[in-house]
Amino acid sequence: MSEFSAAESAYMARAMRLAARGQYTAQPNPMVGCVLVRDGDIVGEGWHAIAGEAHAEVNALNEAGDRAAGATAFVTLEPCAHEGKTPPCAPALIEAGIAEVVIAMRDPFPEVGGRGIATLESAGIAVRMGLMSEAATELNKGFLSRVQRGRPYVRLKVGASLDGAIAMSSGESQWITGPEARADVQRLRAQSGAILTGIGTVLADDPTLNIRLEGLDTAGRQPLRAVLDSGLRMPLSAGMLDLPGTTVVYCADDTKRQPLIDAGADVVKVNAEDSVVDAAVVLVDLANREVNDVLVEAGPAVTGNLLSRKLVDELVIYQAPHIMGSETMTMFRTPGWQSLSDRLTVEIADMRRIGKDIRVTVRVVH
């Protein structure tokens with residue numbers, strides 16, 4: 001028999017839904033939701049909306065007021081006990097007179113890492129752990145990847161025909177997928193801390209890599225734009241350089257960096273192999289910039305390299321209902337794969353219609 005009741009599971013599920021409201025704005029912080037329950041009634045709710053502003057527990061306590069005394073708090077992530085940009089949450093729960101705290105998962109962030117639980121228990125508050133822990137892990141897989149693996153969660157987006165083509169041999173590719181799929185990509189961008197592309201895509205398409213879907217509330221946040229550009233061929237006329245936010249150009253040779261810096265780019269020289277920028281080093285740098293999730297929108301050479309080096313965690317493939325034939329560019333360029341043993345094993349996590357297209361989400365089995 002489960003340690004948690006059906007009602008407790010429902011309260012935590014509500015906290016998870018609240019947490020998800022911060023999916024476009026909470027970065028680089030994790031998404032967190034909190035529900036306060038006393039005598040079977042919800043007396044306060046909150047979620048972490050924007051980094052630097054009040055955390056979920058504080059928002060829930062503010063809503064509950066005096067009714068928080070004696071309540072049980074259902075929190076999707078361990079309350080913090082350290083002073084950051086905002087006051088710590090564990091002491092706030094203690095001061096409000098919370099009787100019990102049910103936590104979905106422990107926070108692996110070094111400055112939290114069990115200190116919140118210890119603070120609560122030392123004050124005589126009962127703490128129970130593990131309710132909907134898998135859902136909590138899924139909710140913050142980007143944050144957890146950055147903290148635990150030292151690199152962001154990497155999601156690779158591809159728009160292709162039913163036979164796997166991303167462009168005609170001439171490079172013509174606009175538009176393969178429909179407007180609904182393109183709007184869905186805007187939501188993926190909004191969930192990401194950075195968008196990664198290659199210099200080939202920049203030279204061919206001059207992408208802006210920004211969020212431009214009306215009605216999508218990101219609190220003004222735009223993802224960082226990262227360009228893999230080994231030879232520093234980034235044109236000073238690139239559209240993304242004129243946009244708000246940060247553009248980082250990763251190169252192997254930075255002797256021509258100053259004009260780009262003057263144009264507003266951040267130029268970073270990283271290790272290279274055969275004059276090709278080491279994408280693994282780039283991901284570490286992005287993690288150091290507090291990027292939780294990276295969305296890759298690039299050509300077959302970059303995506304094939306990332307897949308071959310096992311740096312991709314998830315693929316989101318939009319397949320349009322048409323056949324483009326043999327004179328086309330394929331999704332990935334992986335020249336080293338010669339036999340079936342080279343295959344990359346994936347698991348289908350989700351499949352659904354987006355307009356006239358099919359969106360297939362797969363997770364890479366590492």
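**Figure 1. Phe143, a buried residue of the predicted model.** Phe143 has a relative accessible area of 5% and is buried, in a model that is predicted.

**Figure 2. The aromatic pair of Tyr11 and Phe74.** Two aromatic pairs are found in a search of the whole structure. In the one formed by Tyr11 and Phe74, the ring centres lie 5.3 Å apart and the planes make an angle of 50°, a tilted arrangement. Tyr11 belongs to helix H1 (residues 6-19) and Phe74 to strand S3 (residues 72-75), so the pair ties together parts that are 63 residues apart in sequence. Both Tyr11 and Phe74 are buried.

**Figure 3. The aromatic pair of Phe109 and Phe143.** The ring centres of Phe109 and Phe143 are 6.4 Å apart and the planes stand at 35°, so this pair is tilted. Phe109 is located in the loop between strand S4 (100-103) and helix H4 (115-122), whereas Phe143 is in helix H6 (residues 141-149); the pair therefore ties together parts that are 34 residues apart in sequence.

**Figure 4. The chain around the close-up views.** The chain contains 11 helices and 18 strands. Its radius of gyration is 23 Å, close to the 21 Å that the globule rule gives for 366 residues, so the chain is as compact as a globular protein of that length. Of the 366 residues, 51% are buried. Among contacts with a separation of 6 or more, 69% involve residues 24 or more positions apart.

Key
Residues numbered from 1 in each chain as written. Predicted model: local features only at pLDDT ≥ 70, side-chain atom pairs only at ≥ 80, totals over all residues. Heavy atoms only, no water. Helix = DSSP H or I, 4+ residues; strand = E, 2+ residues; numbered from the N terminus. Rg over C-alpha atoms; globule rule 2.2 N^0.38 Å. Buried < 20%, exposed > 50% of the residue type's maximum accessible area, 1.4 Å probe, protein only. Contact = heavy atoms within 4.5 Å. Phe/Tyr/Trp six-rings, centres within 6.5 Å; stacked < 30°, edge-to-face > 60°.
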